[in-house]
Amino acid sequence: MNKKSSLSLFMAVGITLMIALPGTGYALTDKEIDDQLRLNEKKAVEAAKAAQDAEKQKKEVTQQKAQEVKSAQEIAKQIEDQNDQLTALYQQTEQVTEQLKQTNKQLVEAEDRVTARDNLMKSRVRLMYTNGFVSYLEVLLDSTSFSDFLDRYQALKSIVGQDKEILEANKKDKQAVADKKVQVEGQLAQVQTLTTQAEIIKNSLVAKEKEKEVLIASYTSKEKALEMISEQQQQESAKLAQQNKELLAKKRENQAKASTVSPYTGGQLLWPLPGRTALSSGFGYRVDPINKADANHTGVDIPAPAGTSILAAESGTVIIARYVNGYGNTVVIDHGSIESWYGHIRNGGIVVKEGDEVKRGQKIAEVGSTGRSTGNHLHFEIRKNSTPVNPLPYVTAK
């Protein structure tokens, strides 16, 4: 059943409950009372089914929300890792940019050195032009002796070697710096490409994170809507129980005979699980074991193995014997001025039906873990004027 159909059902239940019982101007017949009780039973079954569906849906929504929260946390971690990677790439970009600046500076210096060497060679050519061109052969043939010839030869050889060295140094110096510049520019381009890719990945992750936030908010809204359905069903169940109580009272009046059960007029009630003295949770505010939030606990929890017999705390009339949202399978007994509630009964564990007259100490059900329960136990509750009160002052020694 979806949320819309669940809400529609509860609106129908609410409208039905607003229809007044036959007026007090005349007495209801037993048939009218029985017809109304059967109608109430049908409405109670429908409401219980809707509550179970809402509870199931809420559990599924909560699981889906938990998965999305986990996924969002993983994306947040990926964004953090991507930020670290971007920071490293930015630092690397700064370092490579600085290297490129240094390489450009070195290239300028190399070009200056090439220019200086070129100027040196040009000055030699100008000197030769000014003094007249003399061939290397003429210099050698003008020698006055073999020793002079050797000196001239070595001098010419030194000049030619210096010229070759200058030309080779120019070539290597400028080429080495140019190669380094190309290398650094390649590194810078690579780092910039990696940085662009990392930014694209980060932006994609941020977009996914926002989508997850919207989805989680949607699941939270669904959870609240389903909780509202559950609360409405609980209120309607209480109204049905009160109506049944009034109907059964009118039926007893019609029968004009003494009830086989004495209503509660004070005194101490029987402990519903004799021998089970421990409490896993008391009456009043506590941390809810399901959603881990502060919540008012309307009774006491008595742990016991599944199937343990639950006894009526006092004689009275059964006004609820079915599934109630939150309480799971539930029995409620009307004792006149108070009501006793027994929750989380195992499936198939209710042994009485609505309208039954039960006696103090009579078995009414068996312990289970249905509804909002984390383990086998009995939720025992006392209501006075429809308001939950601490049950401990009402019971005998455990």
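W271 is buried, at 2% relative accessibility (buried means under 20% relative accessible area, exposed over 50%, partly exposed in between, with a 1.4 Å probe and protein chains only). The model is predicted: local features need pLDDT of at least 70, side-chain atom pairs count only at pLDDT 80 or more, and totals for chains, interfaces and linings use all residues. Residues are numbered from 1 along each chain as its sequence is written, and side-chain values use heavy atoms, with hydrogens and water left out.

The whole structure holds three aromatic pairs. Rings of Phe, Tyr and Trp (its six-membered ring) pair if their centres lie within 6.5 Å; planes under 30 degrees apart count as stacked, over 60 as edge-to-face and the rest as tilted. The ring centres of W271 and F380 are 6.4 Å apart and the planes stand at 70 degrees, so this pair is edge-to-face. It links distant parts of the chain, 109 residues apart: W271 is in the loop between α4 (146-255) and β1 (284-287), F380 in strand β10 (residues 377-384). Helices (H or I, at least four residues) and strands (E, at least two) are DSSP runs, numbered from the N terminus.

## The aromatic cluster

F380 is buried, with a relative accessible area of 0%. F380 also pairs with Y342: the centres are 5.5 Å apart and the planes at 40 degrees, so the pair is tilted. Y342 lies in strand β7 (residues 338-345) and F380 in β10, so the pair ties together parts 38 residues apart in sequence. Y342 is buried too, at 0% relative accessibility. W271, Y342 and F380 form one aromatic cluster.

## Nonpolar cores

A nonpolar core is a set of buried Ala, Val, Leu, Ile, Met, Phe, Trp, Tyr and Cys residues joined through side-chain atoms within 4.5 Å. The largest has 26 residues; I310, V331, Y342, I364 and F380 touch the most other members. At least two residues each come from β3 (300-303), β5 (316-324), β6 (328-334), β7, β9 (363-366) and β10. A second, separate core has eleven residues, including I33, A241, L247 and V332.

## H344 in strand β7

H344 is found in strand β7. H344 is buried, with a relative accessible area of 5%. Neighbours within four places in sequence aside, its contacts (heavy atoms within 4.5 Å) include G326, Y327, N329, V367, H377 and H379.
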